[in-house]
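Student: I have a new structure to read. Can you take me through it and explain the labels?
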Amino acid sequence: MPEPTTLSYLVVAALLFVIGAFGVMVRRNPLVMFMCIELMLNAVNLSFVALARELTDIDGQSIVFFVLVVAAAEVVVGLGLIVGIMRNRSSLTADDLAELKG
Amino acid sequence: MGYLGGFLVTMRQHGRKNRVTTQYSGGRLFKRKKRKAQTMDEKIDKPERLHGRHVLNRYEDGMEKCIGCELCAAVCPAKCIHVRGADNDPDNPTSPGERFGWIYEINYLRCIHCDLCVEACPTEAITETKLFEFSFTNRKDAIYTKNELLVGDDGKPKHLPWEDWRPGEDQHTSAWMRATAPAGDANFVGVVSWAGELGYGVRDAEAEQSTADTQTTGDARDASVAAPRGHQ
Amino acid sequence: MTTIVSAGAATSEGGQELRPRGEISQKALMREAGAVLRLSESAAAALSDVVSDVDEDQSMIINMGPQHPSTHGVLRLMLELQGETVLRCKPVIGYLHTGMEKTGESLTYLQGGTNVTRMDYLSPLNNELVFSMATEKLLGIDGEIPERAQWMRMLLSELNRMSSHLLFLATNGMDLGAVSMMLYGWREREEVLRFFQKVTGLRMNHNFIRPGGLAADLPAGWRDDVLHLLEMLPDRLAEYEILMTGQPIWRERLQGVGVITQSEAIALAATGPILRSTGLAWDLRRDLPYLKYREVEFDVVVGAHGDAYDRYAIRLQEIRESMRIVRQILDKMPSGDYRIQNKKVTPPPRGRIDESMEALIHHFKIFTEGFKVPEGEVYVAIESPRGEIGCYIASDGSSVPYRMHVRAPSFVNVQCLPHMMRGGLVADAVAVISSIDPVLGEVDR
Amino acid sequence: MQLVVFVLASAMMLVGAVGVITRRNPVHAALSLVLTLFGVAVHFVALEAYFLAAVQIIVYAGAIVVLFLFVIMLLGVDKAEDLKTEPLVAQRWLAGVAALGLLGLLVVAVARGADILTTRSEGLDTAAPNAGGDANIQQLARSVFGDYVVAFELTSVLLVVAVVGTVMLTRKRAAGEA
Amino acid sequence: MLPRDLSSHVGAPSLRPMLDPALEGDLLWAPLVIVILKVLVVFVVGLVATMLMVWFERKVVAGMQNRIGPNKAGPYGLLQTLADGIKLFFKEDLLPRRSDRFVFALAPFLSFVPAFLSFAIIPLGGDYRDGNDGIVTWFGIETRVQLADPHVGVLFALAISSIAVYGIMLAGWSSGSKYPLLGSVRASAQMVSYEAALGLSLASVLLIAGTMSTSGIVGAQATLTDWNVVATGVVPFIIFLIAATAELNRPPFDLVEAEQELVGGFNTEYSSIRFALFYLAEFMNTVTMSALIVTLFFGGPQPISFNGFTLDIPFVPNALEGTVWLLLKVLVFLYTYVWFRATLPRLRYDQLMNFGWKVLIPASLAWFLLLAAQRLARDEGWNVFVTTAIAVVVLAGCYMLMQAAFAVSNKTRESQGAQF
Amino acid sequence: MATTLDLPGVVAHESHGQRVLFVEKTTYLAAVTALYDAGFTMCVDLTAVDYLAHASRVVPDGVVAQRFEVVVNLLSLANRERVRLRVQVGDGESVASLFDVHPSTEAMEREVFDMFGVRFDGHPDLTRILMPEDWDGHPLRKDYAQGRIPVQFKGAAS
């Protein structure tokens, strides 16, 4: 049985990233857009880990660790923003955020 | 530490005998271990005055006590008693006197067991047993007719299939009647003035309480009639 | 006639329900939010805890009841919540309305006890007592009730107070999640009820206290049974103190919850432990004494904060006070009649029926048509475990009350709920309902 | 064995990802996201990044998505989004084209390095001295707390800033405040 | 004899160490059968344990409340759970009209599966004595009495417990009704909050044990003084116990399903077998969590051993004795959980959150830092007492700072009203 | 004991040792307010009686008996005394609500409205309280037809 190579991991990661990017462009619910960003981050994480093993370098995993933390921070702030905006309006799409321009 | 004190309280309950519930299997006995099942199956003793389901009593000679006067039906706040009297056949009387209770029905879906009927009955015909554990599967069963209410030839209440009945629970069927008999008149406390029941004979009246209340002085008459309560 | 579809689409209580914010004017909202005190709109607005600037889509109206584990029956509270905070509350009652006041108009005074006893089913003897006392007052025999009957009534009334408060402790514990307390409370109450069962033949709904006295004398050995209760309870109460009062979580849950001030309580005619929790020592047993309460010593327990904890503590302490009274009753119980020997009211002794035809006729008359009560009207109130229970009877001279009204303490006390709940959490709502200790049979009658 | 795991995990991941962008209900989208995260975690395990796999689940699935769901429930925005109407003309087509372009780009990039990547290397140095069974974790710890300690401290600052900022954001304004 | 040091295996990436030492080397049928058997046994044991746990809880709580408890189905009511399960199985499966059908159906499994998963890493027995590290030999094959022993075992448990929130949360949300929704909002906040405390108190154990593998943690607790409850100084254990109770949604932290407040919370709309799954999951989780506590703090299957003296259970072979010990220790904690339930009133939601964030998390963090300081002092050769004292002073300063912050915040709240 | 109210249409009376004031509808609110000032701060009970079937009842001189009578029980906590007000209300008439003086009458007045159909002017929320919203009639009126479900018996219909 052939074993998956690093290349295959990278291809899968690329697919994941593209799906995420497409989602960000298409969806209008900011919550779902956030989720799509998470997809993209995960794609990157996956390639980092795959390459870390490929290159016998633990740094790839360290980066992923940082990405996880930053992702958490990002989600917290993002959701905070959404909650803040939602306080004043009942439905929310990304278009409504345009009002923030002032 | 207030947090922990409660733990001791709950823990302490384990061995205690002050249980709320008792082992009860609804009268079912396990076939193989009959004896064990019985010991597992505790019922709490019922007080004498308990208001349970009614019985229609007979005199010691087997005659029915009910005379069909409908007083019980009249006083029933729930209107759950239906009585019709009829004239006795002089040759084969059902009850002493002219009339007897021809139809006697109690709808137990309505009965509130206030026992006013027992107090009202002039002949002590209707009294209440200590039995309340009966569950019906249809409304018809809940309507007891004279057939079910009347005591048997031994003076004991009929044991219907849906009633959970243990030996000894048929005693003191007239306790409430005896308790309310003096109607507050101290002169009548302890005075037996009712006819005997089939199977039990004349039951003693409830002992008067003035004597039991040792702090107070009952009058001489009370003391004289103080008799042990009749556990027949 | 509404169609079935519309009846199915919404619940049928219509105007009795809490209306959504969008459907009421700001003014009405102020008034409603000021709920209990029904202050003027400006005064309500000045109250900082009146939340009026909430959007409707941020709040949610939720039904607590009529089927809800901790509404003590079929009380229905409509709560407007923001998150878990209660903004508004409206009790909707009537789900247990059985027309007992109307029924009372067709039952004779002799049968009436079976009716009123079912109102506050947790303290049936107090209901019977107030009904009997009102009847006796109408009959003009209230001064002639035998001593023993009065002491017996007091004994039963106090024991009933104990059983009712024990049940309160049980349900209060359960509502706050202390499940064991529930069973302990029921367990001790059961002991009291067993005594009642010995005396009256029934655990509840006794119909034992009747106009003119009591149905029967105390059974032999009653003194031992009462002493047994008095011996057993202090230890158990001490256990409750450890389990509940001593428990910091318990105190946290109750202290400062459901606060009501004295003036509010008076304005809402709240009586019983609710009024006393605000620091006002008002107890009809002491302040407008009836029976022989003048001759016994007891303290009126009062709180200071008017919160749920005070109400809990008051009831717990009142059990002890009741025990104190019962102990004195044991000492002072006289002998004699347990029922007035007024031929008009009391049926003749069974022994006399056989002796005299007159007695028999008299017996028949009392049990068929009852005794006639002179025309007039009267209001008598006593202290039930829940507060002032009053009985208003108007008689037209016949043997059934022309109008029999019971002033149910729970019915009035439930009005305090919206006020006590405002600003609390859902969990507090449960504690507050519990601390009111409503009996829905009495609320709806 | 490895291949089976790889295929299954990839399938999970991609199905989840497609779910995220196609499910109209945000809660369903979030659930799909969890599926993806699990797939990624399985990949991590297969790639010997055990610690990251666990952290991936704890942080992503256990906290971030829960936070998503919490907000969705709190705000009650769980109404289905209308995917039929497009706010901008041909947005979807353009997005599709852009995505395809991106994919092409990535594939080209990967393919450029394909010849090195298709060869197997030694893998991570799991036989670190005194590592015991936790080689991966110890190595990671050395890296994070040694080489990248400044970055680590910065992230912690970032987290604090994020928390404080969010608290300020969601705070209800007092009556007087603007 | 295969190499013990499994990690010394270098080479192709592999899942093997995650699974079982028996799978080491070439794939053979016998080990595979053993693994499958173990999976089966663990599953069955889990189910039976849950069943007995329900019975145990009901019986013990009944005892504490002066009741009898189940006594009809089977001897002493042992089969009551089975009877209930059968009854629930045949009940109508209701699907509320406003529910989200897919999620509604999925949620019970999301709750049920993690409950069983975390059982996989618990060492269920094995001989840990005399330097044995719990490996037993079955049919000539070395294996652990444990389904899996991943290196990140403890993290695995944490991960699973963070997954467990989904079942409850989604159940409440998908019911499409208000009380369950309130329940699930409570659930998500509560479980995420207490997970932090759980993880932090775990960190103390990991600091002492120096490994994340459960068998490794057990192996390090040979004598009574080595038990982590002693080694970490009780506090992490207490925090863990409390946080675990909250994580399990058991009284007094059962706000999620608070019957008296939320009519059952997240499972209000559930009936039939779906409800049974929730019910089972809850009790399964209790068993698992007790086992985890025993593993982490009380030496798991290790016998009680002190100062060279080992308490030996007679007539039980060493290989089995571990299981007996584990069972006994787990029983103690099961009893504790039941005891909690029988004794404590339920906390209010805000009190719960306050307790979690303002007491448990700071406390566990502080204790962890204290332990870390001690460890550092020992490693660096500093005076342990002085270091500890300094650490305590610093922590006390932090505590005071925190209290001051709370005081200020409360003051502002009082003057300006709550701002959240 | 507060002195008799100095208001027109108030007739003092005593019933079984209890103080009763017959108050006219017009002075009802004023009387309650005056009593409130005199210390009767708690409105313990408010109910009504429908005297349709007992029109010949005895009322003191100067009081015109009407079909309904609203009965209000006031309590003075300070003086420990009670006073009862009886207000004659004709069929279809309404009386003033005590709500502004005694908020406790909110539910009581609703109950009286529900049971007797007596309306209270100025009550903030005069809806039915015990009966369902779509109920016909007012049950405690004497002319309200009482339904009866026959008790089931085996032998004969009763």
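Tutor: Start with the surface. Chain E exposes about 17,600 Å², and carbon and sulfur atoms supply 71% of that area. Keep in mind that this is a predicted model.

Student: How many helices and strands does chain E have?

Tutor: Chain E has 14 helices and 4 strands. Of its 420 residues, 56% count as buried.

Student: Why is Asn66(E) called buried?

Tutor: Its relative accessibility is 1%. Buried means under 20%. The value falls under that cut-off, so Asn66(E) counts as buried.

Student: Where does Asn66(E) lie?

Tutor: Look in the loop between helix 2 (29-64) and helix 3 (80-89) of chain E.

Student: What makes the phi of Asn66(E) worth a remark?

Tutor: Asn66(E) is not a glycine, yet its phi is positive, about 60°. Most residues other than glycine have a negative phi.

Student: What is the phi of Asn249(E)?

Tutor: Asn249(E) has a positive phi of about 60°, and it is not a glycine either. This residue sits in the loop between helix 9 and helix 10 of chain E.

Student: Is Asn249(E) buried or exposed?

Tutor: Set its 1% relative accessibility against the 20% limit. The value is under the limit, so Asn249(E) counts as buried.

Student: Which residues does a cis peptide bond join?

Tutor: Pro251(E) and Pro252(E), with omega about 0°. Most peptide bonds are trans. Pro252(E) is found in the loop between helix 9 (235-247) and helix 10 (259-262).

Conventions. Residues are numbered from 1 along each chain as its sequence is written. Chains are lettered from A and ligands numbered from 1 in the order in which they are written. This is a predicted model: local features need pLDDT of at least 70, side-chain atom pairs count only at pLDDT 80 or more; totals for chains, interfaces and linings use all residues. Side-chain values use heavy atoms; hydrogens and water are left out. Helices (H or I, at least four residues) and strands (E, at least two) are DSSP runs, numbered from the N terminus. Buried means under 20% relative accessible area, exposed over 50%, partly exposed in between (1.4 Å probe, protein chains only). Accessible areas come from the Shrake-Rupley method with a 1.4 Å probe; for residues, only the protein chains shown count as cover.
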